[in-house]
Amino acid sequence: MRALPDLWQKVAPAHHAAFWKRMAFDTGYATILNVAEVEHADSPNWVCTMGPSNIEVTSWLKSRRVDALVRTCEPRRLATYAELLASDAVPTCDALANALEGMMPNGLEHIENEAHFGGYAIHLLHAPQVTSLFAAVYSEIAKKLKVAGDTSKRSDGIVIVKANARDQHRLYLIELKWKKTAAIALNQITEKEYVKRCLAWLHDRRKDDCKYVDVQSISDIHLLGINGEYSTATNTTTVTVSHERWSDALLSAAKDLLAD
C-alpha cells in the first residue's frame, strides 16, 4: 500500500484523488456504510463502501462542492446552460454539448469518472444564480431506486422544470459517462428502467414531503445521455449528448400506476 501523506502536509491537486477518501475517514467526515466480501484469486477480499458520516456533513460537502465549481465556471456560461434546459423549447443535443464544453475549465486531467464530470453537468444547477429557473434539481440520489428487488442501479440526476402556467412540469433524466459514449449513457436509462424508478422515488417522497414535485404534474419527460472526453494533447474537453423523449403513452401508464 502506498504511504499516505501527513494530514497537515499540502497535497497537490493532481494527487488529491489518491488521498481524499482516507483523509476524510481519518478526520471523521466519512464513515463505512457497507462492507461486502468478494472473491479474489484464492482468498476473500473485503470491499468497503464509504460515505458521509451524517446528514449535516452530507449537506456541507455538497454546498462546498457547488461553491468550488461556481468559482471555476464563468457565470455567463452557467446561465446559458441553465437557460437552455429551462427554455420552453427542448434544446438540441449540439446546443447542450456546446454549453457544457464552455463551462469546463482547462486542465481537467484530474477528472477520473462521471461523478467528477457530473459536478458540471448536474451539481452546478444547484448554484444560487440559476436555481430560480428550476422547480427542482435532484443529484446523487441517496436512496437507491428500487425495481423488482434490485437496488444496485440509480440515475445520475433529475432536473425538473416548471413548463407552463398550468403548473405542469418537464423532467430531464440525466445519465453521465466519462470516456465512453453518449449512446451508452442513453441506453442505460432505458435498459435499467430509470424513468419508472425515478417516478416511483418522487411519488414516495411526495407522500412525506410536499416540497417534492407531484408526479401527476409531469407532462413531458426527456432522457439525456451525456459523455465527456478529455484530451491531454489539446488540453480540452469534448462533450456529446444523446436525447430521447419518453412517449406520452408510457408516461400516462406510469402515472396511472402511481395514482393514489
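Trainee: Over which residues does pLDDT stay under 50 in this predicted model?
Mentor: This is a predicted model, so confidence has to be checked before coordinates are used. Where pLDDT is low, the predicted coordinates should not be read in detail. The model has 21 contacts beyond four places in sequence for the stretch in question, and the stretch with pLDDT under 50 is residues 141–149.

Trainee: What is the mean pLDDT of the protein?
Mentor: Of the protein's residues, 66% reach 70 or more. The mean pLDDT is 78.

Trainee: Which elements give two or more residues to the lining of the largest cavity?
Mentor: The count comes to 1 cavity of 30 Å³ or more, and the largest cavity has a volume of about 30 Å³. Its lining consists of Tyr81, Leu85, Leu96, Leu100, Ile174, Leu224, Ile226 and Val241. The elements giving two or more of the lining residues are α3 (75–86), α4 (93–103) and β6 (218–231).

Trainee: How many nonpolar residues does the lining of the largest cavity have?
Mentor: The lining of the largest cavity includes Tyr81 and Val241. By class, this lining has no polar and no charged residues, and the nonpolar residues number 8.

Trainee: Is cysteine 198 buried or exposed?
Mentor: Buried means under 20% relative accessible area. Cysteine 198 has a relative accessible area of 0%, so it is buried.

Trainee: How many disulfides does the structure hold?
Mentor: A disulfide is a covalent bond between the sulfur atoms of two cysteines. For this structure the number of disulfides is 0.

Conventions:
Residues are numbered from 1 along each chain as its sequence is written. This is a predicted model: local features need pLDDT of at least 70, side-chain atom pairs count only at pLDDT 80 or more; totals for chains, interfaces and linings use all residues. Side-chain values use heavy atoms; hydrogens and water are left out. pLDDT is the predictor's confidence in each residue, from 0 to 100. Contact means heavy atoms within 4.5 Å. On a 1 Å grid over the protein atoms alone, a cavity is a set of points where a 1.4 Å probe fits but cannot get out, and a pocket is an open set with protein on both sides within 12 Å along at least five of seven lines; lining residues have an atom within 4 Å of a point. Grid points are joined across faces, edges and corners, and a volume is the space filled by probe spheres set on the points. Helices (H or I, at least four residues) and strands (E, at least two) are DSSP runs, numbered from the N terminus. Ala, Val, Leu, Ile, Met, Phe, Trp, Tyr, Cys and Pro count as nonpolar, Asp, Glu, Lys and Arg as charged, and the others, Gly among them, as polar. A disulfide is a pair of cysteine sulfur atoms within 2.5 Å. Buried means under 20% relative accessible area, exposed over 50%, partly exposed in between (1.4 Å probe, protein chains only).
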